[in-house]
Amino acid sequence: MPELPEVENICRMLREKIVGHVINKTLVHLPRIIRSGDINSINGRKFTDIYRRGKYICFELENDLMMYSHLRMTGTFLWKNDLSEAPTHIRIEFELDNGVLLYRDIRTFGGIWIIKDGSPPWKELGIDPFDSEFTVKGLRTLLGNRKQPVKQAILDQHLIAGLGNIYASEVLFTAGIHPLISSNSLEKPEIKRLHNAIMTVLSTAIEAGGTTFRDFQLSNGKSGAFQEFLKVYARNGKPCRICGKPIEKIVLGQRSTYFCTKCQK
């Protein structure tokens, strides 16, 4: 958390605010957030684009300079016209010619990389669900040689970039697939349901502004609303919205996993 829908919403909101605008200066309150590069090298440069790759935010600047960010557990970017109402836990301030971009991170697990003419900070990143190559056939190929439970497979960022724990549970419920089923045992109809569920759940979550638990805020300071649509995540003991059986919770790969024993086979 934040996962793909939250990151996508941040990118969309910031694109309207920062693209085409110049960074006048930066103020770093917590230097270790900068994982590589010189943050001052972005001063005087214009943002030319902002987009998402998996859970990474990619800031494109003039003269082939890139700034990447991974928000981890509690990071986010906030946009302010001024600092008359500065939030807490601000780690970096970017003063632009039209306002202030703030990097906020309560638990400080996130990071920022400044890279000139080089490779991005990720070594191996799987296919993004919104890439044109992410097809039913492609998903079947990705999972075909995996013996691990399907929940763990779709969380593997080397296979599929962007899916996190919240949406993995929701996707498997929507697809009617039990999280402990071996990935390589899924038949073609199940793969098709899984692919459709990934696209449907992520698209719906993006339109809802993502999911907010505790600290996450969108760039406009508001919360996401997808938590109102959650079918299984964090609903252990509550009745399934379809069959009425209590939602169960197990720990799989050190992560909480929620599912319905009747609706997911």
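This is a predicted model: local features need pLDDT of at least 70, side-chain atom pairs count only at pLDDT 80 or more; totals for chains, interfaces and linings use all residues.
How are H1 and H5 oriented to each other, oblique or roughly parallel?

View 1. The axes of helix H1 (residues 4-18) and H5 come within 9 Å and cross at roughly 45°, the axes being lines fitted to C-alpha atoms over the stretch in contact, with angles from 0 to 180 degrees between N-to-C directions. H1 and H5 are therefore oblique to each other, a word for angles that are not under 35 degrees (roughly parallel), over 145 (roughly antiparallel) or 65 to 115 (roughly perpendicular). Local features need pLDDT of at least 70 and side-chain atom pairs pLDDT 80 or more, whereas totals for chains, interfaces and linings use all residues. Residues are numbered from 1 along each chain as its sequence is written, and side-chain values use heavy atoms, without hydrogens or water.

**View 2. Residues joining H1 and H5.** Leu 4, Pro 5, Glu 8, Asn 9 and Arg 12 of H1 meet Leu 202, Ala 205, Ile 206 and Glu 207 of H5, where contact means heavy atoms within 4.5 Å. This contact comprises five nonpolar, one polar and three charged residues; Ala, Val, Leu, Ile, Met, Phe, Trp, Tyr, Cys and Pro count as nonpolar, Asp, Glu, Lys and Arg as charged, and the others, Gly among them, as polar.

**View 3. Helix H4 packed on helix H5.** Helix H4 (residues 165-175) and helix H5 (residues 188-207), both DSSP runs of H or I with at least four residues, pack at about 130° with axes 8 Å apart, which makes H4 oblique to H5. Among the residues in contact are Tyr 167 and Leu 172 of H4, and Arg 193 and Ile 198 of H5. By class, the contact of H4 with H5 holds 10 nonpolar, one polar and two charged residues.

Technical notes:
Helices (H or I, at least four residues) and strands (E, at least two) are DSSP runs, numbered from the N terminus.
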